Amino acid sequence: MGTIFMAQLMGALYGLLAVVFGAFGAHALKKKLTPELLLSFETGVKYQMYHAIILLILGFNLNFDKPLDSWIVNCFIFGTLLFSFSIYALCLGAAKGSKPRFLGPVTPIGGLLLVVGWALLLYSFVANLI
C-alpha cells in the first residue's frame, strides 16, 4: 500500500473512530469517569480528529515524491495511535480501578511524534521557499 492510500485510509478511519469515541465518551462514559478523566478522554478525541483531518488533507494534496512526505504521514499516523489510544486506555483503566503503568510513557512518545510530524510539515513548506 502506498503512502497516499495509507494517509487517506487512516485519516478516514481515525475520523470515524473519533466520532464514535466522542459519542461514547459523551454518553456512556459521562457517569463512569470523573470530570478530569472525561476531559482527558475528550483531549484524545480532539487530537485524533485534528490528525484525521490533516491526514486526509495531506493524502489528497501531497505528491509523495519525497521521502519527507512519508515521514510526515507516518509521524501523524503512529503519533495519533500512541497519543490518543493510550489516553483512552488510561481513562478506561482508571474507571475500572486499574492503572496500566506501562502506558504512562506511551502518551508523551505519541505527542512527540505528532510534534515531529508538524515540524517536518513546516520544514517541507520552508524548504520550498529556499
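Here is a short walk through the helices, the core and a pair of side chains.

First, some housekeeping. You're looking at a predicted model, where local features need pLDDT of at least 70, side-chain atom pairs count only at pLDDT 80 or more, and totals for chains, interfaces and linings use all residues. Residues are numbered from 1 along each chain as its sequence is written, and side-chain values use heavy atoms, with hydrogens and water left out.

**Stop one: H3 and H4**

Select residues 67-95, which is helix H3, and residues 106-129, which is helix H4. (Helices are DSSP runs of H or I, at least four residues, numbered from the N terminus.) Their axes sit 7 Å apart, and the packing angle is about 155°; axes here are lines fitted to C-alpha atoms over the stretch in contact, and angles run from 0 to 180 degrees between N-to-C directions. That makes H3 roughly antiparallel to H4, a label for angles over 145 degrees. The two helices cross in a left-handed way, meaning the near helix is turned anticlockwise from the far one by less than a right angle. Colour the H3–H4 contact by class and you'll find 19 nonpolar, eight polar and no charged residues. (Ala, Val, Leu, Ile, Met, Phe, Trp, Tyr, Cys and Pro count as nonpolar, Asp, Glu, Lys and Arg as charged, and the others, Gly among them, as polar.)

**Stop three: the core**

Which residues touch the most other members of the largest nonpolar core? Pick Leu33, Phe41, Leu55, Leu58, Val73 and Phe76, out of 27 residues in that core. (Such a core is a set of buried Ala, Val, Leu, Ile, Met, Phe, Trp, Tyr and Cys residues joined through side-chain atoms within 4.5 Å; buried means under 20% relative accessible area, exposed over 50%, partly exposed in between, with a 1.4 Å probe and protein chains only.) H1 (3-27), H2 (35-61), H3 and H4 each give two or more residues, and H3 gives the most, with nine.

**Last stop: a charged pair**

Zoom to Lys66 and Asp65, whose side chains meet in a salt bridge at 4.0 Å, N to O. (That takes a side-chain nitrogen of Lys or Arg within 4 Å of a carboxyl oxygen of Asp or Glu.) Lys66 is partly exposed at 38%, while Asp65 is exposed at 55%.

Definitions and conventions
Parallel < 35°, antiparallel > 145°, perpendicular 65-115°, else oblique.
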